[in-house]
Amino acid sequence: MEENITLEDIIRPENLVFQKTKLFTEKPLSYCPGCGHGVIHRLVLEVLEEMGISEQTIGVAPVGCSVLAYEFMDIDMQQAAHGRAPAVATGIKRVFPEKFVFTYQGDGDLAAIGTAETIHACNRGENITIIFVNNGIYGMTGGQMAPTTLPGMRASTCPYGRDVKSMGHPLKITELIAQLPGTSFVTRQAVHTPGNVRKAKKAILKAFQNQKEKKGLSFVEVVSNCNSGWKVSPVQANKWMVENMFPFYPLGDIKDV
Amino acid sequence: MKELRLMKGNEAIAEAAIRCGADAYFGYPITPQSEVMEYLMAERPEQRTGMVVLQAESEVASINMIYGAAGCGKKAMTSSSSPGISLMQEGLSYIAGAELPCLVVNVVRGGPGLGTIQPSQADYFQATKGGGHGDYHLIVLAPASVQEMCDFVKDGFDLAFQYRNPVMILTDGAIGQMMEKVELFEQIPRSETQPEWACVGKPATRGRSIITSLELDPNRQEQFNLKLQKKYREIEAKEVRYEKIQCDDAEYLFVAYGTSSRICQKSVQLAREKGIKVGLFRPISLYPFPYEAIESLSKQVKGILSVEMSAGQMIEDIRLAVHDRIKVQHYGRFGGMMPVPSEILQQLETQIIGG
Amino acid sequence: MTEEIIIAGFGGQGVLSMGKILAYSGVMQNQEVSWMPSYGPEMRGGTANVTVIISDERISSPILNIFDTAIILNQQSLDKFEKSIKPGGTLLYDDNGITRPPTRKDINIFLVQAAQEAAKMGMTKTMNMVVLGAYLKIKPVVQDKNVEAGLKKSLPARHHNLIPENMTAVERGKEIVEQTQKV
């Protein structure tokens, strides 16, 4: 029993096993415990840091839970109107073709209100990176049905479960944009296990490297959870995600040109 | 040597955009202003100056592309006509809220709804009173000639960057489609530097540049609104523009902007041939509106006829300026119809002089 | 000097381009000009018209309902614009296809058989330039050298080889125009 251990003992450099990515600001993340956003933010920032491109990068934040992404990422960013991030990113990339530009969007933003902007940015092959976080629900506004909500899945605007006959089907927008000649790399990842985190990071790295090589639009979907919106514990949320989301939204690369 | 050309108003907008060193144009086709993008595409501005021109998938996308490029400190513009401008209102509110400079041209057509493709001035309220949500103003310039279409592009960008505020050129299909002699200004090189607030990628030497209109704390949002209002008061104090035509001895007054002001000039001529002393007051800046100049004229003249191709929008501002001191009436045509000079004179005689 | 002109006919007769060449000629001699195409709800039935104003002074209204001169190339336009000419003003028309000739007694009327002449010359596309020549004979508001310069400015470079032919048509128009009524 080491009963006399002090704070100074703990924070000695040789005891360091994990540290905040340099590109995170000092602001504490506002996401719910168990949410995937923190990990996905971190992966994006680690990639920027490792590629040494943070000073040439401009990010675009959406409307949704990650609306304040610019508070956490220590890079220049713009906050876009709901769904318009791919258009804003297009404007940035067209005037700064040598900079790295990415959008960070949720399912409502990217696949409902912003569908037109998403599809057309993909179709033009804008040389940008889109990070798409899909948790099947509107988190920020309090758990309403999203375009990606599964059939039968409950949300505050489909309290008896999504009835596809009247509410439409979940939109597999990632498969949809993979059909477009403007996209070069389209993949679906997750961050619920260390192995998946490593794979997701590799995909995000590739998406930014493609920008460097001017290969066109790279699109990384991350299937994530929303334990608050799904009204379960973080552990149950991940279990539910594996059992229900993954069969409908299977992980892996969809397109790699 | 100065370069003279015969150009359509829409073409003058496009040529002026290239010449004033604009960095980007994003737009979507709509009559009666499609010549702006057509002219730009034909001119290959990417070769002339490096200016970017892109046809977006919608007006919603184009105004958000403007947001992105303007957030990078670049000179970005778009043009559209009434229904398209309605679609841009969300973006314009965000641009005003993020204090970004940009130029938007509205070549107004008859409304409401899909309306007609012919000239109208029925978007005055939308342009001058905000248009989108929240307390904000665009700076609004109303050209009355093809020459001013050209010159106001340059002036508009200057004002936009001076005040970090969106500027609108409010014109109509008549000036857009009409050809007149234009003296083009010389090519101004595109800027190689961006303002310090611009989003260009964060070096270690400074804090982040964040372009946003979001604030979670209402106290701070109130402070921001007060700052915006202070800016608008400064614009109102410094940027009022107008022209007075034959007002010195005027007993009656037309107030009209844009195409209507051109038609009224002829009405002034016809009236004076009949011995009626009428002058024309032409607001050039619609926001800020020349309240004081009109108030001072209202002490001289017996009555004012506001002429606008609408059901009467600008007349509300004229009445605010006049404080009920004299009679102020409106005459307008709708939906793409334009009044002719004799018709306007007749309205002056019946509504103001005889009324 | 201010000359307010309406030019009207069928689409395809070169009404708008004749107006543009005339306006550009005015620009070449540094006059004020405006060119306002039919752009109102009256534009239907395939007719085209354009208001051209050439002046030494700043131009007021580009939209007019009374004109110094009407240049008319079809019946509908004659029916519509004959009454819009100022008393003492000028009407120039081509009688090709006209079954109801002008009736006003208080205006000067000129006839130019431009369609027929252009066909005779084997240059039907220059019909509008024959009309322009006729107009310039009546009202020499712009000089020939400026018409040529205006042509050069308003035609794309690939059509500059057509300029001599167009100037020949202008000359021919001056020769064949005849006054049928004088006030």
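What distance separates the centres of domain 1 of chain B and domain 2 of chain B, taken over C-alpha atoms, and which elements supply the side of domain 1 of chain B that touches domain 2 of chain B?

Reply: This is a predicted model, in which local features need pLDDT of at least 70 and side-chain atom pairs count only at pLDDT 80 or more, while totals for chains, interfaces and linings use all residues. Residues are numbered from 1 along each chain as its sequence is written, and chains are lettered from A and ligands numbered from 1 in the order in which they are written.

In chain B, domain 1 covers 3-201 + 227-238 and domain 2 covers 243-353, with bounds that come from an automatic or database domain assignment. Taken over C-alpha atoms, the centres of these two domains of chain B are separated by 27 Å. Their contact draws 28 residues from domain 1 of chain B and 23 residues from domain 2 of chain B, where two residues are in contact if their C-beta atoms, placed from the backbone, lie within 7 Å.

On the side of domain 1 of chain B that touches domain 2 of chain B, at least two residues each come from helix H7 (124-128), strand S6 (139-141), strand S7 (166-172), H9 and helix H10 (218-238) of chain B; helices (H or I, at least four residues) and strands (E, at least two) are DSSP runs, numbered from the N terminus. The most is given by H7(B), with 4 residues.
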